Amino acid sequence: MGHITRAPEPAAHDDVTPPVLLDVRGLRVEVTQAESLISLVDDVSFTVAAGETVGLVGESGSGKTVTSLAVMQLLPRAAVLSGSVRLHGQELVGRPRRELDRLRGSQLSMIFQEARRSLNPVFTVGSQISESIRRHKGVSRTDAWARTVELLDLVRIPDAGRRAQQYPHELSGGMCQRVMLAMALACEPDLLIADEPTTALDVTVQREVLSLIKEAQLEFGLGLLLITHDLGVVAEVCDRAIVMYAGRVVESAPVMDLFDRPQHPYTAGLEHSMPDPVRHASKLGTIPGTVPPAPDFTDSCRFAPRCPYELPECTMGPIPIETTAPLHDVRCIRAGTLDLSEAFYA
Amino acid sequence: MTIPHASRPRRGRSRAMNRFWADRAGVAALVLLGVVLLFGALSLVWTPYDPTAQSLADRVSSPSSAHWLGTDNTGRDILSRLMQATWTATYASLLALVIALVGGVGVGLLAGYFRGPVDRLLSQLNDVLMSLPPLLFAVGIIGALGPSLRNAMIAIGVLLIPRFFRLTRITTIEVMNEDFVEAARSAGAGAGRIVGRHVVPNILAPLTTQVSFAASVAIVGEASLSFLGLGVQPPTASWGGMTKDGFELLSENGWVIIPPSVILVVTILTLSLLSDSLRDANGR
C-alpha cells in the first residue's frame, strides 16, 4: 500500500460546496495528572462535509484517537473537554448523555482498529447487529434480522445468513471488520469515524476493507473521518487530510496539495519516510526523535526539537495556524519559504 | 442483492456447555445433586412417616423394615426427617445465595461500572465486612434478630457477599476495558444496556463456579448454626440439628448420627465437584 495511486478526484470543492456535516472548533482535551492540567489535544479545528473523506494523520501519541473520541463524546469522565463539536450545526459538547446515546449509532458511528475485540464474544455477530437496529429503529426482531443479513451481504460477507449465526471467534479479522462496518452502517449514520480500520489487517485484506468503506460512503453519502498513520491509505481514499503532531493540527490541505506541496517540515518528513519506488529506491527518510509526551507540550512549535529548519523564533512563542493557499492551513512560521523536497534524508 | 434463505438467531449449546457435558465427574455430580434435590422436594408431598411424630415405644432404633433408617431419640422416623431436612437445606442455601448474589453482584456491578469514589467507598465497606469473624458475626446477627432459619441464612448470605462482590467487581472492570464496550458506547448504548448486554453475559461464567461453591459454604454454615441451635428450630428437621441429636446419642447408639452426616458430606462433595468441573468448562 506504499505506492500512491489516486482515485479520480471527486467533485468536492469546485462547484457547490456540500453542507458542512461536522464542524470542530477550538477543541481542547485536558486531563489532571499530579494536580496539574495536562492538555492532550488543543486548538484542533476542522470540518467534514457530507460525502467527504477526511484523513486524520499523525504518529502514535499525536492525539488522533483522543480527537475522534472527543467528537464521539466518548472521552473518559476524567477528561475535560472544551471547544465546540457541531454535527448538522447542533452542538454536541455538553449535551445530556441520553441525547448523545440516541445520536451515537444513528447519526454518528465509529469503527475501531481491533474489530474482533470490538465484538462481544458471547453473542453471534448477527444478534449484535440486529440489536443495534432494534435499538435505534424500534423494528421487530424478524425485520431486524432480515436487515442484518442484508447488511452483511452488503459488506460482501459470503453466505451472510449462516455467517450471521456465528460468533466473532469463528470469523477472520477482515470478516470481523466487515461485521463492524455493517453494524456501523446499520442505522444509516451521517458521519462515520474509522479509527485505524485497516491497521490490524493483512495488506491484501486492507484494500478490500478500504474499498468497502468507500463504497458504503458512496451508497449512504456519509462523511468519513479516517484516522490512520498510513499515508498510502490517505493518498488512496481521502479528499483532504489533517496532519496532527503532539496534540495540534500542523497542516491541513486537500490530499493532492498535501503530497505535492507539503508546507510543514513534519508533513514532508512523514511523506519521505514512506517507501516511494519511483524516486528513492534505497533511501528511506526518518524523522529523528519521538513525539514528546503530553506533559512536555509547549506553547511554541512542538516539532522544533526534531526539525532541521528550526530557528530561534520557533520556540519563542505560540505559532498560529495560517492559511497559506486555498484550503491549505499550516502551523509553521517558515511555511512557504522552505524547500522541503529533500527534508529528512540523512 | 440476494437475501439468503431465512435464518434465525442461533440458539445452541455453547462451547463451555459442551465441555461440561463431556466431563463425567461434573455430570455425575449434577445428577447426584438432582437426586438429593428430588429427595428433599419429595418431602413436600410425601414422607413415610410424619417427620415430627414422636413414638416413645420406637425410641432410638437402628434400621429396620418399618424404619429404613431407624428412629431417633424421641422415636421419630429418621428417613422422613432426613427428607424434610434436605428440603430445609435446599431452601436455606437458596435464601443465602439470593442474598449474597443480590448484594454481591449488584453492588459489584455498581463499583466496577462507575469506578472512582463509588468504587472506593463500596470496596472499603466490603473490606470491613470481610474483616469480621464469620461465626461471631452470624451469632451476632442471630442474637439481634432471634434464632430462626431465616435469620441464620440472612447472616450467612451477608457473609457470602464479599466473595461475589470482589469477583463481580474485578470481572466487570475487565469487561469494561474491552473494546466491544467502547464500540457499544459508540453505537449509542447506555449504562443499562452495557451492563445487561455486555457485562453480565461476560461475567456469568466465573459467577456460576462461585455460586456452586458458595452453595456448599451456605449449607455447611446452616448445618453449623443449626448444630449450635441457632438455625432451624425444633421440631423442624435440619441436617445440623439431626447431627446434633445423633451426637448426643453417641454413647447410646452410634447409628443415629450417620444418615445426616453422610448426606451432608455427600452434598458438599458433590457441590465441590460441580464447581470444579464448571471452572474447567469455563476455562478459568
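How many residues of domain 1 of chain A are in contact with how many residues of domain 2 of chain A? In this predicted model, local features need pLDDT of at least 70 and side-chain atom pairs count only at pLDDT 80 or more, while totals for chains, interfaces and linings use all residues. Residues are numbered from 1 along each chain as its sequence is written, and chains are lettered from A and ligands numbered from 1 in the order in which they are written.

The contact joins 23 residues of domain 1 of chain A to 22 residues of domain 2 of chain A, where contact means C-beta atoms, placed from the backbone, within 7 Å. On the side of domain 1 of chain A that touches domain 2 of chain A, strand 2 (36-49) of chain A gives the most, with seven residues; strands (E, at least two residues) and helices (H or I, at least four) are DSSP runs, numbered from the N terminus.

The bounds of the two domains, which come from an automatic or database domain assignment, are as follows.

| Domain | Residues |
|---|---|
| Domain 1 of chain A | 20-245 |
| Domain 2 of chain A | 248-330 |

Taken over C-alpha atoms, the centres of domain 1 and domain 2 of chain A are separated by 27 Å.

In chain B, the axes of helix 8 (residues 191-227) and helix 9 (residues 239-248) come within 7 Å and cross at roughly 45 degrees, the axes being lines fitted to C-alpha atoms over the stretch in contact, with angles from 0 to 180 degrees between N-to-C directions. Residues making this contact include B:Phe227 of helix 8 and B:Trp239 of helix 9.

Methods:
Two residues are in contact if their C-beta atoms, placed from the backbone, lie within 7 Å.
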